Amino acid sequence: MRPVVWRPPRPRRPPTGAGSPALPPLRLLPLDGAGPEHLALDASGNLLTGVADSRILRVDATTGRVEEVARTRGRPLGMHLLPDGRLLVCDAYDGLLRVDPATGTVETVLTAAAGEPLNLCSNVTVTRDGTVFVSDSSRRFPLHHWKGDILEHSGTGRVIRWVPGSAAEVVVDGLQFANGLCLAPDESFLVMAESGAYRLRRLWLTGDRAGATDLFADRLPGFPDNLTTSRDGLVWVALAGPRNALLDSLHRHHPALRRALWALPGALLPDPRRTTHVQGRDAQGRLVHDLRRRAHNYHLATSALEHNGTLYLGSLVEPAIATAPLPSAPGDGPGEPPGVNGVPRGTRSSGGG
């Protein structure tokens, strides 16, 4: 453990009129396995997810029917459906895989970038021209010690760009637990979650700022995990847990305190509080939905996927996928487009941010 002293920023207060009603009660789609960490949708409207015992599952969102379609050797996390029906899957231990749900075939396609192995392959997204972006959360800690990276705050996460047939390159480095990735609807930028810094960063892909990074949303009230983009352009952010006052205090003080905490048995390390919290943000990063509830039956939500007016939630630990109807954004009324501060929900970026 090599802790870095850091002064966490205070959570940002939502602008007046932003936010949403409470997240509605959740309906659960039980699985025969735990930890549907990320969710994707296939062409037939079925949910695809990976669970802790290495299986890739297909779930009928209407009936709840569960079918195993493949099995990796490690722990599947983020995934992205390709146009040909195959699936790119981040395996936390084995790198980036390509899975054929029709046959169960699994092949490894990327295990390293810039001479370093993918230590914690976390999330993946793909542009229309086939360019692949992958997050590698931490060079120092594997998935089963992810809390160590959050405690240390040494910033060894990275985002990798890979064009099949060429060498993978690191396009953003020094991230605090690089996590979820998603593209703007017009693919002008990539949004990247930094779980350990309570913020979302943006990598510009087109225009005069191509290759530059800036903030998309910061001072979040929790740890951002996976990201998805809805059909109408909202960026959905799953907040895996709320900010922890003790952790924020430890970051500000002498590293010895965090070394002592890390020396305790893993079972004694604090877990995130039991909440369920997701946010929807427009193409400028502004808050449109802020949905939360006390987690009586579901917590540690790591993925939020919107489809046909329903939110589907995944979790690192729960044995189910959760669903809820999407409430209207605040201020919505008959004949009014959802939005915040007069910005229509799903406004698409013109490349100007």
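Predicted model: local features only at pLDDT ≥ 70, side-chain atom pairs only at ≥ 80, totals over all residues.
I started at a strand pairing, where Leu183 stands opposite Leu190 in strand 17.

**The hairpin.** I looked up how the two strands run. Strand 16 and strand 17 (residues 189-194) are antiparallel and pair over 4 bridges. They make a hairpin with 5 residues between them. In that turn I found Glu187 with a positive phi of about 60°. Next I checked the cover on strand 16 (residues 178-183): 6 of its 6 residues are buried, so I wrote it down as mostly covered.

**Overall picture.** I stepped back to the whole protein chain and counted 3 helices and 28 strands. Of its 353 residues, 55% count as buried. I also looked at how far along the sequence the contacts reach. Among contacts with a separation of 6 or more, residues 24 or more positions apart account for 53%. The accessible surface comes to about 14500 Å², and 51% of that belongs to carbon and sulfur atoms.

**Thr228.** I picked this residue in strand 20 (residues 222-229). Is Thr228 buried or exposed? Its relative accessibility is 8%, and the cut-off for buried is under 20%, so Thr228 counts as buried. Then I listed its contacts, skipping neighbours within four places in sequence: His38, Cys182, Leu234, Val235, Trp236, Ala304 and Leu305. I zoomed in on Ala304, where the side chain of Thr228 reaches the backbone oxygen at 2.6 Å.

**Helix 3.** Which residues of helix 3 are buried? In this helix (residues 255-262) I got Pro255, Arg258 and Leu261. They cover an arc of only 120° around the axis, so they sit on the same side of helix 3.

**Salt bridges.** A search of the whole structure gave me 21 salt bridges. I followed up a few of them.

- Arg12 pairs with Asp218, with the closest N and O atoms 2.4 Å apart. Arg12 is in the segment before strand 1 (27-30) and Asp218 is in the loop between strand 19 (213-217) and strand 20, so the pair ties together parts that are 206 residues apart in sequence. I noted Arg12 as partly exposed, with a relative accessible area of 43%.
- Arg86 pairs with Glu107, closest N and O atoms 3.6 Å apart. Arg86 lies in the loop between strand 6 (76-81) and strand 7 (87-91), and Glu107 lies in strand 9 (residues 105-110), so this pair ties together parts that are 21 residues apart in sequence. Both ends are partly exposed: Arg86 has 28% relative accessibility, and Glu107 has 32%.
- Arg286 pairs with Asp282 at 3.3 Å between the closest N and O atoms. Arg286 is partly exposed at 34% relative accessibility, whereas Asp282 is buried at 0%.

Last, I looked for salt bridges that share partners, and they join Asp84, Arg86, Arg98 and Glu107 into one network.

How values were computed. Residues numbered from 1 in each chain as written. Heavy atoms only, no water. Buried < 20%, exposed > 50% of the residue type's maximum accessible area, 1.4 Å probe, protein only. Contact = heavy atoms within 4.5 Å. Polar contact = N/O pair within 3.5 Å; in protein donor to acceptor, adjacent residues only side chain to side chain. Arc of directions from axis to C-beta. Areas by Shrake-Rupley, 256 points an atom, 1.4 Å probe, with all protein chains shown as cover. Pairing = 2+ DSSP bridges. Salt bridge = Lys/Arg side-chain N within 4 Å of Asp/Glu carboxyl O.
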